[in-house]
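Subject: Structure for your review

Dear colleague,

Please find the structure below, together with its sequence. My notes on what was found in it follow.

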Amino acid sequence: MLLAPGRARACAVRRSPANPGDGEECEPPGTLLCDADCQVRLPLGPLGGLVWVQAAATPAVTQADGTAAAPPEALAACQQAILRGTSRLFDRTRRPLERCVARLAHCLLGPDGGSDACLARATAPCQAVVAERDARRAAAVGRTLSRCAAVTPAQLLDPAGGLGFARAAASCPFPAAGPPGAADVLDCAYRTVACAAEAAVARVMPSAYGMLGETDLDPDAAFPCLTDPEADG
């Protein structure tokens, strides 16, 4: 889940369905699809029961704003662009982080025994990973957006007749007011993939979190999806 730790949840702090009797339309609040007051951000029909509790089946998203739906070939081209872009982003997120942690391991476990000079040299590439990560994701989203120009946000979200990103969007934070656009949905998809890349590093290098904690970087802030193996469940 990509919601920031400690984020305020004004209406549905519980992990139970939204309560229509209290005027709630969706949950959890503060996401791409559901605002802080548990009101839906998009003028759409039910999204397969992922957000709206009224959905018993998985109907197609209504084009309630009157926009024309993209033809199947446009959907296919957009999906291919997302597959290519997210595959590149996964590798370009995972590999630099692995190299960063490997340098730290050489300092902390090698003959230098964690000398300040060695750690300083090893920390610089880790800082570069943080600096470049968001710019790399934004560039990838921009390239994909041009291939998905004909696809509406509704089709990107629709789990029945579209690309089905509603489940990811229900976890991505979106603090701004107003309905999300295609760029917001795509950015959510790419954030999810970048998060998976960091988590993959933690699985194959379980000491990564602790090693990063030996630097000036705060691993929780710098790499939020690189989990602490000693944290409680």
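Which residue forms a disulfide with C78, and how far apart are their sulfur atoms? The partner is C148, and the two sulfur atoms lie 2.0 Å apart. Please bear in mind throughout that this is a predicted model.

Disulfides

The link of C78 and C148 has a torsion of about 95° about the S-S bond, so this disulfide is right-handed. C78 belongs to helix α1, whereas C148 sits in the loop between α2 and α3 (153-157), so the pair ties together parts that are 70 residues apart in sequence. Both ends are buried: C78 has a relative accessible area of 0%, and C148 has one of 1%.

A search of the whole structure finds 6 disulfides. Besides the pair already described, two further ones are set out here.

C100 is joined to C126 by a disulfide with an S to S distance of 1.9 Å. This pair links distant parts of the chain, with C100 in helix α1 and C126 in helix α2, 26 residues apart. The link of C100 and C126 is right-handed, with 100° about the S-S bond. C100 is buried at 0% relative accessible area, and C126 is buried at 0%.

C107 and C118 are likewise joined by a disulfide, S to S 1.9 Å. Here the value about the S-S bond is -85°, and the link is left-handed. Since C107 lies in helix α1 and C118 in helix α2, the pair ties together parts that are 11 residues apart in sequence. Relative accessible areas are 2% for C107, which is buried, and 4% for C118, which is also buried.

Salt bridges

The structure contains 8 salt bridges. One of them pairs E132 with R136, whose closest N and O atoms are 3.2 Å apart. These two residues are 4 residues apart in helix α2, so about one helical turn separates them. E132 is partly exposed, with 42% relative accessible area, and R136 is partly exposed at 24%.

A network of salt bridges links R133, D134, R137, D187, R191 and E198. Within this group, the side chains of D134 and R133 meet in a salt bridge at 3.7 Å, N to O. D134 counts as partly exposed at 39% relative accessibility, whereas R133 is buried at 13%. D187 forms a salt bridge with R191, with 2.6 Å between the closest N and O atoms. Because D187 and R191 are 4 residues apart in helix α5 (residues 182-204), they are separated by about one helical turn. D187 is buried, with a relative accessible area of 18%, while R191 is partly exposed at 39%.

Surface charge

A patch of positive charge on the surface gathers R84, R88, R92, R143 and R147. The elements giving two or more residues to this patch are α1 (72-109) and α2 (116-147). Helix α1 gives the most, with 3 residues. R92 is found in helix α1 and counts as partly exposed at 43% relative accessibility.

One further arginine may be noted. R167 lies in helix α4 (residues 166-169) and is exposed, with a relative accessible area of 58%. The C-alpha atoms of R167 and L157 are 8.1 Å apart, the two residues being 10 residues apart along the chain.

With kind regards

Terms used: Residues are numbered from 1 along each chain as its sequence is written. This is a predicted model: local features need pLDDT of at least 70, side-chain atom pairs count only at pLDDT 80 or more; totals for chains, interfaces and linings use all residues. Side-chain values use heavy atoms; hydrogens and water are left out. Patches are made of residues with over 30% relative accessible area and no salt bridge: like charges are joined within 9 Å, nonpolar side chains (Val, Leu, Ile, Met, Phe, Trp, Tyr) within 5 Å. Accessible areas come from the Shrake-Rupley method with a 1.4 Å probe; for residues, only the protein chains shown count as cover. A salt bridge is a side-chain nitrogen of Lys or Arg within 4 Å of a carboxyl oxygen of Asp or Glu. Lys and Arg count as positive and Asp and Glu as negative; His and the chain ends are not counted. The place of a charge is taken as NZ of Lys, CZ of Arg, CG of Asp or CD of Glu. Buried means under 20% relative accessible area, exposed over 50%, partly exposed in between (1.4 Å probe, protein chains only). A disulfide is a pair of cysteine sulfur atoms within 2.5 Å.
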